[in-house]
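Have the viewer open and follow along.

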Amino acid sequence: MTRQNLRMSKNQLNQLYEELDEMHADEQASAPGRTVKKRQSSRQEMDAKLFVRAQEAAGEFKFTYKAARFEEAWLLDSLNEIAGQQLISDVLRKVKAGKEASVYLCRSGSAIEAPLVAAKVYRPRMLRNLKNDGQYREGRTDLDESGNAIIKDGDLHAMRKRTTYGEELRHQSWIAYEFQTLEVLHKTGADVPRPYAMEKNAILMGYIGDIARAAPPLNAVTLDRDEVQPLFERVVRNIDLLLANNRIHGDLSAYNILYWDGDITLIDFPQVVNPEANPTAWNIFLRDVTRICQYFASQGLRRDARKLAADLWTSYGHRITKEVHPRDLDAESKADRRLWEKQKKSK
Ligand SMILES: Nc1ncnc2c1ncn2[C@@H]1O[C@H](COP(=O)(O)OP(=O)(O)OP(=O)(O)O)[C@@H](O)[C@H]1O
Ligand SMILES: [Mg+2]
């Protein structure tokens, strides 16, 4: 199949995903009746089209994992090129289905030395599940599928107007940020999975765990008493390294740190925030540090989160701003309303 053909069928496939996604949402919301029957028959039709596409791709790449039909087509479409480059040779199982993506354990191909790798495959319409991506995007230049800044007026316009094409660019930028951050942090010696490749819809990275079991997130682990302090310091070192590279994780907590063999690995970076350009960066940073301190407090280590955050923050010359974006305030809360009034006055 030529590249041109592949691209066309990818677009068609994306459209199918979107329609399917919308229909699933509609079905849940609507009452039973004739419209549902009609929807069901057109859904069957779409399922059939997806199946045909999956069959086409399956000629090029087959895997052990028994996926549902829709998931199989999604996987084949997302991982076909990665497989073509000998980066993976098989998909073994689903590690976890997240809100924005699912992570799969893969056997690596001849191009990768490690025997196992993890593929994070994003949902086609994942932007719909991002409640507040604006908060993170502020002050952040969007990136294209090669990780370069998007600067073309037409592209910027499409993103602002949220056209289908614009949404695709935003989706891609979200993934590119995750990959680029992994690259930067890995190079600098942070505890993150090794990044191998980025495709339109997927990231391939080092797998944490073994063939039988993926590494659990820290929140599911009770640490040995003598591990607590050194691991806390390790996490702080990583937060520091992020800041040194002009980044805040933005969704850091014990859920996004994996624990394996006494070591920790930070994951899940698409929402990284620029500490200099984002007006609510300090609040986001403080939230990250607070959540980490909360977990370690549950393991018996008490630290003043605010002081720790402030020390790290100011050591990079950043100013502590009290400002909170109105979008992140609750109109029903008296304290939030007072804060908002105060912010308005000080302008
Ligand atoms: N490199 C990896 N090695 C092993 N397991 C991983 C790896 N990356 C992610 N996982 C597993 O997959 C889960 C989802 O990954 P991640 O947090 O990046 O995606 P997400 O869509 O943001 O998920 P969530 O909505 O749960 O936060 C993780 O909680 C972890 O259990
Ligand atoms: Mg996560």
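Helices here are DSSP runs of H or I with at least four residues, strands are E runs with at least two, and both are numbered from the N terminus. Counted that way, the protein comes out with 10 helices and seven strands. Keep in mind that this is a predicted model.

**Overall picture**

Of the 347 residues in the protein, 30% are buried. If you take the contacts with a separation of 6 or more, residues 24 or more positions apart account for 57% of them.

**Around the ligand**

Start with ligand 1. Which residues come nearest to it? Out of the 22 residues around ligand 1, those are Gly98, Lys99, Val103, Ala118 and Asp268. In terms of residue class, the shell has 13 nonpolar, four polar and five charged residues.

**Two helix pairs**

Now for some packing geometry. Helix α7 (residues 225-244) and helix α8 (residues 281-298) pack with their axes 11 Å apart, at an angle of about 170°. Anything over 145 degrees counts as roughly antiparallel, so α7 is roughly antiparallel to α8. On the α7 side the contact is made by Val228, Phe232, Val235 and Ile239, and on the α8 side by Asp288, Val289, Ile292 and Phe296.

How many of the nine residues of helix α5 (residues 153-161) are buried? The count is zero, so helix α5 is hardly covered.

**Positive phi values**

Most residues other than glycine have a negative phi. Arg162, which follows α5, has a positive phi near 55°. Asn246 has a positive phi near 60° and is not a glycine; you'll find Asn246 in the loop between α7 and β6 (257-260). Asn246 is partly exposed, because 14 other C-beta atoms lie within 10 Å. Asp261, also not a glycine, has a positive phi of about 55°, and Asp261 is in the loop between β6 and β7 (263-266). Is Asp261 buried or exposed? With 8 other C-beta atoms within 10 Å, Asp261 is exposed.

**Contacts across the sequence**

The table lists the C-alpha separations.

| Pair | Separation along the chain | C-alpha to C-alpha distance |
|---|---|---|
| Thr64 and Arg93 | 29 residues | 7.9 Å |
| Asp144 and Ser173 | 29 residues | 5.7 Å |
| Cys293 and Ser253 | 40 residues | 9.1 Å |

Thr64 is in the loop between α2 (34-58) and α3 (69-84). Thr64 counts as exposed because there are 10 C-beta neighbours inside 10 Å. Setting aside neighbours within four places in sequence, Thr64 is in contact with Asp90, Val91 and Leu92.

Asp144 is in the loop between α4 (133-137) and α5. Asp144 has 15 other C-beta atoms within 10 Å, so Asp144 is partly exposed. Not counting residues up to four places away in sequence, Asp144 touches Ile150, Gln172 and Ala176.

Cys293 takes us back to helix α8, where this residue has its place. Why does Cys293 count as buried? Because Cys293 has 22 C-beta neighbours inside 10 Å, and 20 or more is what it takes to be buried. Leaving aside neighbours within four places in sequence, Cys293 is in contact with Arg303, Ala305 and Leu308.

Terms used: Residues numbered from 1 in each chain as written. Chains lettered and ligands numbered in written order. Predicted model: local features only at pLDDT ≥ 70, side-chain atom pairs only at ≥ 80, totals over all residues. Buried ≥ 20, exposed ≤ 12 C-beta atoms within 10 Å, placed from the backbone. Contact = placed C-beta atoms within 7 Å. Axes fitted to C-alpha atoms, helices over the stretch in contact; angles between N-to-C directions. Parallel < 35°, antiparallel > 145°, perpendicular 65-115°, else oblique. Near = placed C-beta within 6 Å. Nonpolar A, V, L, I, M, F, W, Y, C, P; charged D, E, K, R; others polar.
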